[in-house]
Every structure is written in C-alpha cells, then in structure tokens.
Amino acid sequence: MTDDVQHMKWWGWGVDGVGFHWQDKPGFAPFVEQAVGLDLHTAPPVDPPSFDDITVAASLASPAFVSSLASIVGADHVTTDKLDRVVHTYGKSLRDLVRVRANLIERAPDLVVYPGDEDEVQRVVDAAVAADVVIIPFGGGSNIAGSLEPRADETRVVLSLDMGRMRELIDIDEESGLARIQAGALGPDLEQQLGARGWTLGHFPDSFTHSSLGGWIATRSSGMQSDKYGDIADIVRGLHVVRPSSAGVSGLLVIRPIPSSSTGPSVREMIVGSEGRLGIITEATVVVHRIPAKRDVYGYFFPNWEAGIAAMEEIAESDATPSITRISDARETGFSLATSKERHGFDKFAAGTVLPTLMKSKGWKLDDICLSFIGYEGGEAHATRQKKLVDRIVKKHGGMGVGKGPGVLYDQKKFDTPYLRDFLLDRGAAGDVSESAMPWSKVNQLHDNVVAAAEKAFDEIGIKGWIMSHMSHSYHSGACLYFTFAFVFGKDPLGEYDVVKRAIQQAFIDNGGSLSHHHGVGLEHAPWLEQDISSQGVAVMRGLFEAVDPGANFNPRKIV
Ligand code: FAD
C-alpha cells in the first residue's frame, strides 16, 4: 500500500478499531429482536474473515507495463499487491461486503496506480489507452451502486486509478466564493483545509469521512445540508477532466467556473454523474461559503407521518430556507429512540413519562409519532427568523418543538450509523438502504407502497424483515425518501437480498420516483435506467459513451 493514502478496512466500513456497540444503548437489543427476530444476547458475532483466506487471480499486468507506469508516478506509487487489489475491487454496498467477506472476487483490478498530479494522470491515461487497458478511477471507495468493480469477464488488464494523493486545496477566489480543489480530497481533509481559511463546502453525505470530491461529482452526491448548500451538481461549477490525448492534442477537458451559461447541452452536467466513464476528474472549482456564525439543529415531533410530510411540503414552499429538513416515519422514530445511549437529557425526557403524557393528552397515538430534525444556519438574525417561520408551520400541522437536545444527538450519531451494517453482517443479518426522489404529490403513496412491496418480498423469502424511512431532502417540487431495510439471512444471502432490493427499486419507479436520488446508477441500479429516463434517454447516453470512449477503456458497462 502507498503509505500516504489511507483506505477503509478491506472487509467493511471505516477504519480498524472503530465499530458499532450496542451495550451502551439499552433499547437496541429489544428493538432488534422485535424487528428482525435476532437475539443479540444469544447470537455471538462471527469474526471478520482472515485476509489469508482471500484468493485473487494473478495480475495480468506485465512487468514491462508496471515499470512503464513506475517511470511516470514513481515505483512506490504503482502496485500489484494483493491487499491493494482487494481494497480497490468493490465499493461498500451490501452486495460488495457479502461478496468480499465470502471470498467471492471474480475479477480484481490487476494493478493500482496513485498519481501525484494532473500531468501524471494524463501520462498514465495515455499509456493505459495505448495498451488497451481498462481504467477505473477510485476516490474513497464508498459507493454503493456497484460503480467500481471490474466486469467479471474482462480479459484486458484493469487499472485502478486511486486519486488519494491528489487532495490539495489549490486556491480560493474569496470575492466569488469559489475554491479549486483536487479531486482526491476526502471530506474531512477538504473541510479542514477550507475551515483553516474560514470557509466550508457544506457538503456532508453520511459517508463524508471516507468519500472524495471526485467521487461525489462522479456519482451526483447529496449531503445532509444540501437543502441549503445544494446537491453536488449545484455546488460544482468548474472541472478538469483528463481524457486520452491524441496526435499532440491535450486530453484535458476544462469547464471554466462560470455561475451560469447558455451553452448547451451542458458538458458539465455530462461529467456530473459519469461514474468514471468520460475520463478522470482531477480537480473541481466549487462554490464555498463563509463558516456560518450560527448552526443549530432542532427536534420536532409530529402526531403522524402525513402531518409531518404536509409540514415539510409547506416549509419547502414558504420563505423559510432551513439547512436540513428531515422527518422519520413512525418506525424509524422508534429505531432512533432505541439507538440512543444511556438515558439522560432529551432521551430520558422522550422515553420517560413527561413527553408521552403530553402527547397522549393531545390525542396522539405513541406508535404513530414521527421525529423531525430541522437545521438553521447563517447569521444570528437569519437563523432566528428561519426558525420562527418554521415553528409557525409546524404548529399549524399539529407538531411540537422539543428543543436542541435531539439535534445534538443527531449531530453526534450521523457518521456512526455506517458501522451498523458491519455489526449486522457479523451476526448473519443484512442492513441496507435505498433512496428515491419524487414530486410532493407522490410522497405518501410512494412511502406506503414501498413499505408494502418490501413486506411482500420478506414474505416471499419467508423471512422476518424490517423497513423504515425518512425524508432526507426537500426541494420546491418534491423530496427524497430514504429507506433502510434489514433481515436475518437464510440460506442464500445474495438471492434473498436481490428479491428485497428489486421489490423496493421497482416500487420506486411504479410510484413516480427516481431509481436513486444520490447513490448513482453503477451496475446495481442499471436495470431500472430505461424505466427512469426512457429508451430514448438510454440511447442518448449510450451514444455519448460509445462516441467519446470508442475503445471502452473508461469503467465500461457502468450506468449503461
Ligand atoms: P468511489 O466509490 O471511489 O467511486 C464512485 C464512482 O465514481 C466510481 O464509478 C468511480 O470510478 C468514480 N470516480 C471516483 N473518483 C473519480 C474521479 N476523480 N474521476 C472520475 N470518476 C471518479 N452518497 C451520498 O451522496 N450521500 C450520502 O449521504 C451517502 N451516504 C452513504 C453512507 C454509506 C454508509 C455508504 C457506504 C455510502 C453512502 N453514499 C452516500 C454513497 C457514496 O458515499 C457516494 O456515492 C460517494 O459520492 C462516492 O464517493 P467516493 O469518493 O467514495 O467514490
């Protein structure tokens, strides 16, 4: 491994020594038993697999090709090492984790290259294309749509191009609020460099700690505060993309950071979400903001999902511009309260008698209540005014505010939940997510029908399963619903997973939603692409990829 690039565990999320713990969360074990029938007291965890048991076919890269790349990036930055190849084989989807843990690696990249600057990327790309090698760009390796794995039947050499050494903040145009940043910067590194100069990007996906700027752009990512800062598609203005050079003409595609333009179709938009198929994003110029003077997240309760969604819709249409609008359905509200640590402060209040008594006195059914988080950011006066506007709407829809306590908990837990998937896998259970965007008029219908479709799928495979949801982002015309589902594996983990995942994805499309809101297409969601954008839409996309990459060297067969 290259010393100066950190990777996640090869078998799971995050770094060694960090994981999810349940013993300090009194409500968690009973919740899991009731939801999926798993008794944590009697289900001992299985240790993660030993790396010695993992087998990978010999690298197809010839010593001559490896040494030609070493002459470009340095011998320390090109490798055919087994651990490097395994780390770069998959992302972190449930399917990826199940396969890597079970030693199901049909096709690993043959070598991994770590370029140090744009010129090295250009020379690596040119050498690879000249040798008809497949290039798969790698950012943080966190994607969950099957966007990284080499196709199983690939007979050519596969090169994983890891952008991890290219992580510098190059420059800030303070007058325009634009920052030029190298594409390999991971979330914390990027925010630390911006923060040191008083700026923030404001892009915080749940995977923030282990995902990169280039990966966010290549998958059309969205963050927790995107209601205020925009999705990455709104944030990115300028781009450098390295494509093959030919006959002395540079392969560098440059999109200048213009605030808006009438040049269309937009090449910038083609790059955003291209999943490595159009070239290597080496840097981006992104919209940045001064770190806000005030940032608060408040908790609210609603008597039921319909009332909460009606309030979120009205907030989206109002003058209020909160940074976060999020509401959990009743099931996820139960889960959130169950994953709280020892009860003190807000938890004690919520789980004790005061709040339930108050809710009952209002005629609420405790099984129906929904927890919402709403965030306010900006100057003191702005944040205060936003909250006033929102409070009025919440009240109109029968909700009530419960202060900052839950918001503090939300902030503390937001980057921990990814570890829960490994915790469940260690105990023979699946936990995964799927999300979709839809117009406001379809939100309730889609929610109910996706839950029903998942439950039907659980019945079909004869397994007790669990599905819950929250609205994670809102827009003027609609919202994103984010579903989390779990079940204990039977005899055929991947087959059972397919049945449930397929049912959820099809229910998205059948109920007016997109195939995904922020996870991209990859291989995982490609079967729904035609239903998402029509056969003509697929033809346009296919034509684009075939025309600009005739040799199919750039991450072939992803998306289409
Ligand atoms: P990678 O996984 O390394 O790559 C993803 C794709 O982008 C691949 O096709 C790759 O080839 C391509 N790519 C990467 N870098 C470049 C580059 N420089 N040039 C060209 N192509 C490139 N996503 C969200 O948007 N919001 C969330 O809240 C969120 N939460 C998540 C939580 C968990 C627990 C997990 C596992 C994933 C989550 N994701 C989320 C999905 C994932 O983090 C995103 O898809 C992320 O944008 C991927 O970035 P990455 O740097 O890890 O890219």
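**Strand pairing and salt bridges in the predicted model**

In strand E4, Leu 159 is the bridge partner of Leu 111. The structure is a predicted model, in which local features need pLDDT of at least 70, side-chain atom pairs count only at pLDDT 80 or more, and totals for chains, interfaces and linings use all residues. Residues are numbered from 1 along each chain as its sequence is written, and side-chain values use heavy atoms, with hydrogens and water left out.

Strand E2 (residues 111-113) runs parallel to E4 and is joined to E4 by three bridges. Strands are DSSP runs of type E with at least two residues, helices are DSSP runs of type H or I with at least four residues, and both are numbered from the N terminus. Two strands are taken to pair if DSSP finds at least two bridges between them. Strand E3 (residues 134-138) also pairs with E4 in the parallel sense, over five bridges, and Val 134 stands opposite Val 158 in E4.

Strand E4 comprises residues 158-162, and five of its five residues are buried; buried denotes a relative accessible area under 20%, exposed over 50%, and partly exposed in between (1.4 Å probe, protein chains only). In a regular strand the side chains alternate between the two faces of the sheet. In E4, Val 158, Ser 160 and Asp 162 lie on one side and Leu 159 and Leu 161 on the other, and both faces are covered.

A search of the whole structure finds 30 salt bridges, a salt bridge being a side-chain nitrogen of Lys or Arg within 4 Å of a carboxyl oxygen of Asp or Glu. One of them joins Asp 422 and Arg 101, with an N to O distance of 3.9 Å. This pair links helix H17 (residues 419-426), which holds Asp 422, to helix H4 (residues 94-101), which holds Arg 101, across 321 residues. Both Asp 422 and Arg 101 are buried.

A salt bridge is also formed by Arg 220 and Glu 269, whose closest N and O atoms are 3.2 Å apart. Because Arg 220 lies in the loop between helices H7 (213-219) and H8 (226-229) and Glu 269 in helix H10 (residues 267-271), the pair ties together parts 49 residues apart in sequence. Arg 220 is partly exposed, at 33% relative accessibility, and Glu 269 is partly exposed at 32%.

In a further salt bridge, the side chains of Glu 314 and Lys 396 meet at 2.9 Å, N to O. Glu 314 is partly exposed, with a relative accessible area of 23%, whereas Lys 396 is exposed at 58%.
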